[in-house]
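Reader: Before I rely on any label attached to this model, I would like to know what stands behind each one. Could we go through them in turn?

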Amino acid sequence: MSLTARSSPSGTRIHPSATVHPTAIVEGDVEIGPDTVVGPGCMVLGTVGPVRIGAGCSLVARAVLNGPISLGDGNVLYPNTCLGFAPQDLGVDPNAAGPGCVIGHRNVFREGATVHRGKSDRPTRVGDSNYWMTNTHLGHDGTVGSNCIFASGCVLAGHVEVQDRVIIGGLTAIHQFVRLGRGSFVSGAIGLGLDLPPWFTATANNLVASINLVGLRRSGAGREAVDAVRWAFKTIYRSGATPQQAIPLLEERIAEPAIAECVAFMRATTRGICHGVGRTGRGTAAAAADE
Amino acid sequence: MQASPIGTPRGIRIHPSATVHPGAILDGDVDVGPGCTIGPGCLVLGTAGPVSIGADCTLVANVTLNGPLALGSGNVLYPNACLGFAPQDLGFDSSKGGSGCVIGDRNVFREGATVHRGKTAEPTRIGSSTHWMANSHLGHDGEVSDGCTIGAGSVLGGHVHLERDVTVGAMSAMHQFARAGHGSVVADTAGFTTGLPPWFVCTSINAATSVNLDGLHKAGATDRMVASVQWVFDALYREDRTPQQAIPSLEERREDEVVADYLRFLSASTRGICHGVGRANRDDRANVPGASAARVGNTLPA
C-alpha cells in the first residue's frame, strides 16, 4: 500500500492490496477496494461527496472521479475519463453534491468518456459490463442497464433511459428523456428524439428499419420470441396504423412475453415512438390512406 | 536536460538536448529524442511496451502515450491526446501489449485525439504530415497514409485504411474496414461503411456525389487525368447500372493509368463502394452480396 504524498489523509481508506501510483491524487472521503490499481496522474476527488471504488478496478492513468460516486468491482477507466461532475444544465449549482452516480461492475470507460451526476433525487445509474468507447457521454440522471456498447463519440443527453443489451453506433446522439428498449440497435451518425422499442433497429433519424435479429440470437432468444418481435414490428410499421394505434392490435398476443414487453414499453412513452420506413407504414395516417 | 523527478527511472533515455517538464511523468522503457519538449502533465508510459519519441517532437501538455509506440520526428501533440491504448474490442485482452502503433513525422494531434494500437500482427500505422483535429479517433489496426486531414470529432473504426491526401470533415464516421482512395474527400457529418474511390467526394452517408476537382488541380493533375477521373465517375454513377456492373467498361480503358488505378481500388474492395446519388443510380445492391434491397434511399419516390 502506498499513499500518495499529495493526498489529504483524512477520510481516505485504501485497502492494503490496492496500488496507488505516487503521482495519483486521492483526496477527501475516498474508499479504494482490494486489488484496485490507481495509475499515474489519476485524481480521485472525494471532497464534494464520497468516492467508493470496489475491488479489482483499474484506473489506467489520468482518470478523474468526482464524488458522490460509487463504482463496483472490475471497472476499467482509461485516461481522461471523467465520472461524476456536475450536470450540463444551466440551472444547476455546480457546487451542489446532488445524488451523484452509481456505477455497477466490469464497465470499461475509454479515453475521454464522461458521465455526469444526477440533478434529481436519484443518481445517474450505469449497470454492469457496459463498454463506453472514446469520447462517449452520459448526461445527468441517465439510467443505463447492462451489457450495452456505446461506440466512439456517441452522446446520451440527460434523463436518457437505456435498457440492457443496447448497441449504439459512433457519433450518434440521443435526445433528453429518450428511452431505448432492451436489445435495440441504433446506427452510427444518426439522432433519436423518439423512443425505440425493444429489439428494433434504428438506421436513420427517428426511423425504425428492421428488427435486431443478430442481437436476438446472441441473447439466446428462441424461435417464438423472434417470431413475436417480427410480428410486433410488422403490426406497428406495416399495418398502416400509427405506433399508438398499433397498441390495441398488439394486445391480441399480449400473453407472449416479447409482446407484453413491447406494449409496456410503448405505453410508458412520453416522447412518442420512432417512425417506420418504406412499404405501407411510415407510421403516419397518410401512409394508411395510400393503402 | 531534466529527467522526470517522479516515475521509475528504469529504461528512460532522454537526449541531452530534450526538455522534460518536472510535472511530466515518464515510466518504463522510454526513449526521448533530441530537441523534444515534453510539457507539464504529460504521461509517457513505457510499462506495457517501449515508447520511442523521435527528434523535435512537442508534447504540449497533458498528453498520454502508451507503448508499444514509435513516434517519428517533428510531431506535435496537444492536451488530452492519447496514443497507443488497447483496441476497443470486447475480445481483446488489454493486458497484452500487442503490435502497438507506428507513427511517422510532422503529424499534429489536437486536443483529445485518440489512436488505438493494433490487435493483429501489424501495428496501427500513421504516415507523415497528417493532421488530427480535436477529439478525432483512429481505431485499432487502422492505416492512414501521408497528408491526410481528419476533422474535429470524426471517428475511424478499426482496420480503416485511408490512402494519401484524404480529407475528412468534422463529425464524420467510417465503419470498420472502410477504405478511402487517395485524394478523396469526406464532407462534414458524412461517412461510409464501404469504400470511397480515389478523388471522389462523399457528402452524405455512403454516397459519392462528385469529383474532387480542387484536389486534382492542387495535386497538379493534367486536363487529361481530370477528364479520366470524371469519366470513371460517370461510368460508375451516371449509367443505369450498379458500380460492379460498370467494371467491364472500365476494363476496356485499362491502358489509361488513371482508370487502371480505379480498377486496383475496386478489385481490393471487400465491403463494396459508395453508391451515387440522383439521376440514374442510387442502388448499391450488387456491391454487397445478399444485402437487402430495403434501404432508405430505395424507398423514396423515383
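This is a predicted model: local features need pLDDT of at least 70, side-chain atom pairs count only at pLDDT 80 or more; totals for chains, interfaces and linings use all residues.

Author: The axes of the two helices come within 10 Å and cross at roughly 145 degrees.

Reader: Which residues meet where helix 3 of chain A and helix 4 of chain A are in contact?

Author: From helix 3 of chain A come P243(A), I247(A) and L250(A), and these meet I259(A), C262(A), V263(A), M266(A) and R267(A) of helix 4 of chain A. Sorted by class, this contact has 7 nonpolar residues, no polar ones and 1 charged.

Reader: How do you know that the buried residues of helix 4 of chain A are on the same side of the helix?

Author: The buried residues of helix 4, which spans residues 257-267 of chain A, are A258(A), I259(A), E261(A), C262(A), F265(A) and M266(A). They cover an arc of only 160 degrees around the axis, and therefore they are on the same side of helix 4 of chain A. The face turned away from that buried side carries the exposed residues P257(A), A264(A) and R267(A), while the cover over the buried residues includes helix 2 (223-237) and helix 3 (243-250) of chain A.

Reader: Why is N135(A) called buried?

Author: A residue is buried if 20 or more other C-beta atoms lie within 10 Å of its own; N135(A) has 27 within 10 Å, and therefore N135(A) is buried. N135(A) lies in the loop between strand 15 (131-132) and strand 16 (137-138) of chain A, and its phi, near 60 degrees, is a positive value in a residue other than glycine.

Reader: And what makes H159(B) count as buried?

Author: The cut-off is 20 or more, and H159(B) has 20 C-beta neighbours inside 10 Å, so H159(B) counts as buried. H159(B) is found in the loop between strand 19 (155-156) and strand 20 (161-162) of chain B, with a positive phi near 65 degrees.

Definitions and conventions
Residues are numbered from 1 along each chain as its sequence is written. Chains are lettered from A and ligands numbered from 1 in the order in which they are written. A residue is buried if 20 or more other C-beta atoms lie within 10 Å of its own, exposed if 12 or fewer, and partly exposed in between; C-beta atoms are placed from the backbone. Helices (H or I, at least four residues) and strands (E, at least two) are DSSP runs, numbered from the N terminus. The arc is that of the directions from the helix axis to the C-beta atoms. Two residues are in contact if their C-beta atoms, placed from the backbone, lie within 7 Å. Axes are lines fitted to C-alpha atoms, for helices over the stretch in contact, and angles run from 0 to 180 degrees between N-to-C directions. Ala, Val, Leu, Ile, Met, Phe, Trp, Tyr, Cys and Pro count as nonpolar, Asp, Glu, Lys and Arg as charged, and the others, Gly among them, as polar.
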